Amino acid sequence: MIALVLAIVTLLPMTALAEPVIDSRAVQIQSTRTAPLTIDEVLARIELTHPLLRAMGAERTKARAKILKALGAWEPTFKSYSQVERYTTWNLTTAFDIPSQHTGGYNDTTVQVGHPWGFRVESGLRSGFGDAGNDNRIAFPSEVLATYHTQHFYYGGSFHVLRGLMVNEENAQFQQAELAGPQAEIKVAQKRQDLYLAGAVQYWDWQVAVKQAEIVKRALAVAEERFTQIEGQAKRGLVSPLDVIEANQEVQRRREVAIAAQRKVEYEQYKLSLFLWENGEPVAPRAEWAPEFQGETPVPTNDEVADYKVEAKEVRPEVRDLYIEAKMNNIDIKLAKNQLLPKLDIEGGPQPNFADWMVGYQYRVGLHAELPLFQREARGKVMAAEVSQQQWALKQRYTEQQVTFDVDNWLSAQVRSRDRVTAATEALRLAKTLEEGERTRFNMGSSSVLFVNIRERNVVQMAYQLYRAQADYAVARGGMLWARGLLSKPWPTESLAKYGNPLTAAGMNGYKRPGRD
């Protein structure tokens with residue numbers, strides 16, 4: 001008997017293993033906080049500080065960069081070109097001194113501007129210098145003279161008449177770059193809804209782990225109290241030593257379960273900390289911050305579900321992204337069909353060669369016509385673009401059906417989890433009734449420790465099932481918001497203002513409307 005008591009006393013200090021393990025991240029959080037952590041705060045902090053959402057917000061700046069790059073095709077360009085020639089004349093009919101050496105040259109200072117419709121213009125001054133121009137041997141038309149007789153105005157340009165008129169590669173790239181802005185917003189919305197849903201699911205998993213840990217800790221406390229009681233009865237010879245061993249075994253079993261439950265709480269809180277950021281560091285929530293599960297909400301009606309499906313097809317980022325891709329592909333189709341037209345370009349301007357300059361100021365006008373006989377390249381581009389359009393149409397049809405399925409799926413999850421909560425609540429009530437009855441029988445001597453332990457284990461198991469069903473019901477409610485596309489929108493500003501500055505939120509950084517300088 002003495003050896004049995006010594007063994008029991010040796011095992012008692014093991015209770016300390018169930019205490020929570022707190023690392024530096026958990027210590028750095030608000031240690032004096034008493035308010036519960038709500039789902040509203042979790043989603044607000046994701047919007048305010050989450051690094052992945054901030055990284056995706058940089059897509060807005062990338063979209064603006066694409067527009068600036070596309071606008072560079074028609075960038076006003078300042079040009080300055082100089083050319084100098086040293087030559088000797090041997091013309092016996094016109095030269096005054098035979099032979100004679102001369103130096104001549106010119107400088108073109110112009111500004112060139114392009115337009116998305118496919119034409120370019122260039123204007124400026126051409127200034128001659130050297131002894132060849134100063135002795136007035138070069139002829140200049142009087143209508144283009146500037147400040148002196150060897151300086152005149154410079155005009156030039158080119159224009160697409162058929163192929164490239166209004167529809168050309170530069171203009172197509174610019175139109176697609178303008179769509180990069182809405183596409184960036186869609187990417188941000190996609191990342192936001194994914195983080196919101198993942199953060200909400202993790203929040204409820206953490207809440208379940210905390211509640212389950214509380215249940216097993218209370219069960220452990222009950223077992224330890226019963227063990228102390230039975231141990232005292234055994235010393236007085238009122239119960240068998242085997243009952244002491246039975247009670248101690250149950251204590252050790254529940255202690256092991258409590259330690260595992262505490263490990264589960266710590267694991268879930270570390271995972272949840274990745275959605276709660278403060279000063280650039282994740283914040284691990286404390287177990288005492290876990291609130292109670294919310295009550296039941298009305299299930300959507302058939303009319304509301306039909307409206308949800310229409311809303312999902314318009315709001316969900318997956319569908320909106322396909323619309324943008326289809327618009328980009330339409331631009332490719334227009335460009336490809338434009339390539340089927342004959343090439344007919346008109347260009348004109350001063351002669352750039354030095355020999356023409358020395359003879360006199362001359363303009364040139366050219367007409368460039370070109371038509372491939374079989375149009376293989378253009379027809380291939382049209383074919384590829386039209387096939388891509390068919391692919392986007394099929395993807396769009398599938399995605400619309402998918403978002404419709406998501407609404408039905410989360411509605412089913414909400415209804416079934418609600419029914420599970422009802423059934424689990426009743427099962428827990430009955431399990432507690434049996435537990436109380438068995439405990440009363442044990443106190444009257446009509447039952448044994450084994451049956452009491454079984455009843456208490458059943459209560460713990462039913463509490464597990466209830467908490468899991470409540471968490472699944474909360475997940476289903478959040479999943480319905482996700483299916484409707486509501487989680488792709490920024491969290492309300494009034495909620496963000498409680499936990500940070502909405503103007504510097506992670507999901508709002510970058511250029512909201514990328515444009516041009």
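Over the ring of which residue does the charged end of Arg 316 sit? In this predicted model, where local features need pLDDT of at least 70, side-chain atom pairs count only at pLDDT 80 or more, and totals for chains, interfaces and linings use all residues, that ring belongs to Trp 482. Residues are numbered from 1 along each chain as its sequence is written, and side-chain values use heavy atoms, with hydrogens and water left out.

A charge counts as sitting over a ring if NZ of Lys or CZ of Arg is within 6 Å of the ring centre and within 35 degrees of the ring normal; two such cases are tabulated here.

| Charged residue | Ring | Distance to ring centre |
|---|---|---|
| Arg 316 | Trp 482 | 4.3 Å |
| Lys 395 | Trp 392 | 4.6 Å |

Tyr 203 and Trp 204 are both buried, that is, under 20% relative accessible area with a 1.4 Å probe and protein chains only. Their rings form an edge-to-face pair, 6.1 Å centre to centre with 65° between the planes, where pairing requires centres within 6.5 Å and edge-to-face requires planes over 60 degrees apart. Ring pairs also link Tyr 203, Trp 204 and Trp 206 into a cluster.

Technical notes:
Rings of Phe, Tyr and Trp (its six-membered ring) pair if their centres lie within 6.5 Å; planes under 30 degrees apart count as stacked, over 60 as edge-to-face and the rest as tilted. Buried means under 20% relative accessible area, exposed over 50%, partly exposed in between (1.4 Å probe, protein chains only).
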